[in-house]
Each structure stands twice: as structure tokens, then as C-alpha cells.
Amino acid sequence: MKPIQIFVEGGGSTVKTKSQLRSGLRDFLERAGFVCRVIACGRRDAAFKYWRTALSVDPEALNFLLVDSEGPVEKGSLPWRHLGKSDPSWQPPADTEDHCHLMVQMMEAWFLADPEALAAYYGHHFGASALPGRPNVEEIPKGDVERALKAATQRTQKGEYHKIRHAFDLLALIDPEKVRKRAPHCERLLATLASARA
């Protein structure tokens, strides 16, 4: 069976924070039933660059790219089309449509799909009522996601949501089944991984 590698945007600029993202996403994927090598790449363009390099350097692996959409994605629009609209330099190699995936509109939307995990993590004084109730979390604008997390967590013992201090722990806690039901692009990623493994 070919190894699965996922080149993901994020993790900041230090070895420690990239390792934390790698661990959190790997845990999330393992609970969804997939054993993957996760490569935390920092900036979005770095993830694209490393992924493209892996296609030629490690062609025996199944190489996937995972980045934030940074905004709404038109219904029916595939990832490369969406990414190319905001940056024409993102020209994909042929036959890689199934290898590019989006976190819409940002990774934190996945957290909103599992408010129970958020409540368990933040504990006392977590303000669940501040979270948007929209069934499809990908329809929540990026700014609203950030404001909701801030409002829900500001009175907790862990303090206001902080990407570096909290996001990687939360990735390891949220339920993949809940996320895939409320985030269609997450469902697309997990369904693609299942097909690649078959």
C-alpha cells in the first residue's frame, strides 16, 4: 500500500509549533481511520511548493495538499479553480484535482462543527451560545468564526482562543464524523483518502 502524505498549511514558523500541528492533524486523521504522514509547512505558498516537489521526489507516495480557502468557495467549484482565482501562480500539475483539498473558510471552522469538544476542552465558563448554529460551518465567514471563538472562550480558564496555544490540541479532540457532516470539503478530503487507500 502506498504511503499517504499530507502537506498542510500552518504551524507557524518554529519546529515546535509545526510539530504540534503535525501531531494534532495526525490524531484527527487517525480517528477518521487513516494513517498519514503529515508535513506542516508553515505558510500557504510553502505548502504548495513542498507538495509540488514531493510529486517528483516521492512519486510512490500519495501526496495531498491541504490549505485554507481564506474565503467562501463557490458551490461546485473545485479547489484548484478557487485557489487560482486568488493567485494565478497556483498552476497545478495535470491530473491532481483529487490531490488538492481545502479547509473552508479556515481550519477553525472545523472546531465549530464539534461544540461538545470545545466545551470539554475549555471547561467552566465556556460560552457555547456564542457559537453560530449554522449546519454547514463552511458558510460562516472567516471573521465570524474568529469572533465566535473569541466570545465563547474569553471567560474560560484557558483564556481566549489562541491559534498557537489551542488549535493543535483541538484538532486532536474534535470528532471527524461530526466535522465531515458539517464541512463538505472535509468530507471530500476523507472520502478521497478512503478511495486512495482502497
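These legends accompany close-up views of a predicted model. Local features need pLDDT of at least 70 and side-chain atom pairs count only at pLDDT 80 or more, while totals for chains, interfaces and linings use all residues. Residues are numbered from 1 along each chain as its sequence is written, and side-chain values use heavy atoms, with hydrogens and water left out.

**View 1. The largest pocket and its lining.** Welcome to the largest pocket, with a volume of about 250 Å³. A pocket here is an open set of points on a 1 Å grid over the protein atoms alone, where a 1.4 Å probe fits, with protein on both sides within 12 Å along at least five of seven lines; lining residues have an atom within 4 Å of a point. The volume is the space filled by probe spheres set on the points, which are joined across faces, edges and corners. Of the 15 lining residues, V73, K75, N136, E138 and H185 lie nearest the centre. Helix α9 (residues 184–197) gives the largest share of this lining, three residues.

**View 2. The second largest pocket.** About 150 Å³ of space lies here. Among the lining residues are E9, G10, G11, G12, D68 and K163. Helix α7 (residues 163–173) supplies the largest share of the lining, three residues. Helices (H or I, at least four residues) and strands (E, at least two) are DSSP runs, numbered from the N terminus.

View 3. In α5 (residues 115–122), look for A117, L118, Y121 and Y122, the buried residues; buried means under 20% relative accessible area, with a 1.4 Å probe and protein chains only. Just after α5, G123 takes a positive phi of about 70°.

**View 4. T96 in its loop.** T96 sits between α3 (79–86) and β4 (100–103), and counts as buried because its relative accessibility is 7%. Leaving out residues up to four places away in sequence, T96 touches W51, L55 and W80, where contact means heavy atoms within 4.5 Å.

Technical notes: Buried < 20%, exposed > 50% of the residue type's maximum accessible area, 1.4 Å probe, protein only.
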